[in-house]
Amino acid sequence: MKEQLAAKFRELFGNIEDAGFYFSPGRVNLIGEHTDYNGGHVFPCALTLGTYGIARKRTDRTMHLYSMNLDSFGVVETSLDDLTNRQDYGWANYPLGVVWAFAQRKCTLDTGFDMVIWGNIPDGSGLSSSASLEVLTGIVLLDLFDIHKFSMTDLALICQYSENNFNGCNCGIMDQFTVAMGKKNNAIFLDTATLQYEYAPIELEDAKIIITNSKVKHSLVDSKYNERRQECAKALAALQQELDINSLGNLNMDTFDKFKEVIKDPVLIKRAKHAVSENQRTIEAVKALKAGDIARFGALMNQSHISLRDDYEVSCEEIDILTDLAWAVSGVIGSRITGGGFGGCTVSIVKNHSVDTFIETIGKAYRKKVGHDADFYTVDIGDGARKLDTSQPFFHSEGRD
Ligand code: GAF
């Protein structure tokens with residue numbers, strides 16, 4: 001595919017010699033869901049699936065953006081003088097949002113650029129294709145425009161800002177942070193209140209992490225996500241009448257149970273209960289993993305799913321079918337929905353000897369119940385966003401047809 005990407009760049013924009021080649025991963029979250037905008041902990045890892053981009057600086061103020069996955073948009077052409085979100089730009093609003101967010105941080109570009117991208121994160125899977133594209137654009141800008149004032153954490157924050165304020169999804173920091181800071185064979189234990197983090201090696205000798213894609217994405221995902229966020233903010237405001245706290249992540253379950261009635265609205269109590277309990281589960285899960293207690297880690301993943309299903313109500317029928325089926329397969333250590341919810345994927349830890357049965361049994365039963373196939377991927381944990389080597393022959397004119 002790298003060859004095709006380079007060929008497409010040449011076809012659309014001519015000379016590739018002074019272009020750069022970049023990669024930015026997707027992510028899967030092992031545990032710690034909907035905690036990142038509640039000052040809690042998350043435990044995600046970067047994937048080897050992601051978004052590739054070739055980009056080159058221009059001499060005028062035009063930007064040309066082309067996605068090989070979304071050919072129907074053609075080349076989106078816009079200018080540094082018109083950084084607005086437009087519906088007809090579609091996917092290109094993500095890179096544009098990052099250019100806009102750089103400008104908000106007093107980093108205006110002096111020229112435009114041409115960029116062609118291609119990605120292998122399944123569409124609508126909830127494995128963070130948008131954060132991947134945002135951070136890809138971020139590293140393209142840092143490199144092409146020789147910008148040194150932003151760290152990778154700054155870049156994650158800038159990309160989150162662009163998603164919140166240019167693209168209208170009020171997401172937390174987990175996805176952009178993971179995509180920017182990922183490390184091969186490690187998950188990231190991140191405290192979203194302080195952005196302090198540590199890498200935790202994922203060394204599962206006799207088990208694999210499997211992502212199961214339900215291939216459903218229900219409508220209004222962003223508005224339901226934003227609604228959950230508001231519900232948590234309301235619950236927090238009620239608790240703050242009694243407690244000196246900055247976020248739901250400051251609470252343990254005992255304190256929450258003692259004070260939860262001040263929230264009054266039973267729906268808001270359930271939302272806050274999830275945020276508080278999920279944060280506690282995440283901390284405990286990382287402790288269990290470090291102690292080599294993978295069975296405990298798996299049990300906490302299952303509890304996480306139940307909480308997301310019943311208290312936070314971000315699961316859906318198809319995903320619950322997948323987790324119910326997974327829990328019934330012997331050799332499954334844990335299984336839960338991953339990401340924002342309302343469709344997308346589950347993440348499961350499965351003993352090596354059960355992987356084939358897992359895929360076969362769940363595949364068949366899911367097709368029968370839902371009427372279409374699920375997809376299965378074994379997780380390879382990769383590094384964060386980076387510039388790639390362009391010394392390979394395909395990148396140069398001798399690779400031209
Ligand atoms: C989405 C958001 F982008 C993240 O910030 C996070 O809140 C996640 O949903 C739920 O944990 O991926």
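These legends describe close-up views of a predicted model.

**View 1. A6 in helix α1.** Helix α1 covers residues 2–13, and A6 is found in this helix. A6 counts as buried because 24 C-beta neighbours lie inside 10 Å, where 20 or more are needed.

**View 2. A6 and Q160.** In sequence, 154 residues separate A6 and Q160. In space, the C-alpha atoms of A6 and Q160 are 29 Å apart.

**View 3. Residues listed by UniProt under "binding site".** The UniProt entry, which is unreviewed, lists E33, H34, T35, D36 and Y225 under this name. These residues span 193 residues in sequence, yet no two of their C-alpha atoms are more than 12.4 Å apart, so the residues gather at one spot.

**View 4. H34 in the loop between β1 and β2.** Strand β1 covers residues 20–31 and strand β2 covers residues 41–57, with H34 in the loop between them. H34 is buried, because 28 other C-beta atoms lie within 10 Å. Leaving aside neighbours within four places in sequence, H34 is in contact with R228, H274, A275, E278, Y312 and V314.

**View 5. T35 and its contacts.** T35 also has its place in the loop between β1 and β2. T35 has 33 C-beta neighbours inside 10 Å and therefore counts as buried. When residues up to four places away in sequence are not counted, T35 touches G40, H41, V42, T192, G249, A275, E278, N279 and T282. A275 and E278 are among the contacts of H34 and also among those of T35.

How values were computed: Residues numbered from 1 in each chain as written. Predicted model: local features only at pLDDT ≥ 70, side-chain atom pairs only at ≥ 80, totals over all residues. Helix = DSSP H or I, 4+ residues; strand = E, 2+ residues; numbered from the N terminus. Buried ≥ 20, exposed ≤ 12 C-beta atoms within 10 Å, placed from the backbone. UniProt positions renumbered as here; feature names shortened; annotations may be inferred. Contact = placed C-beta atoms within 7 Å.
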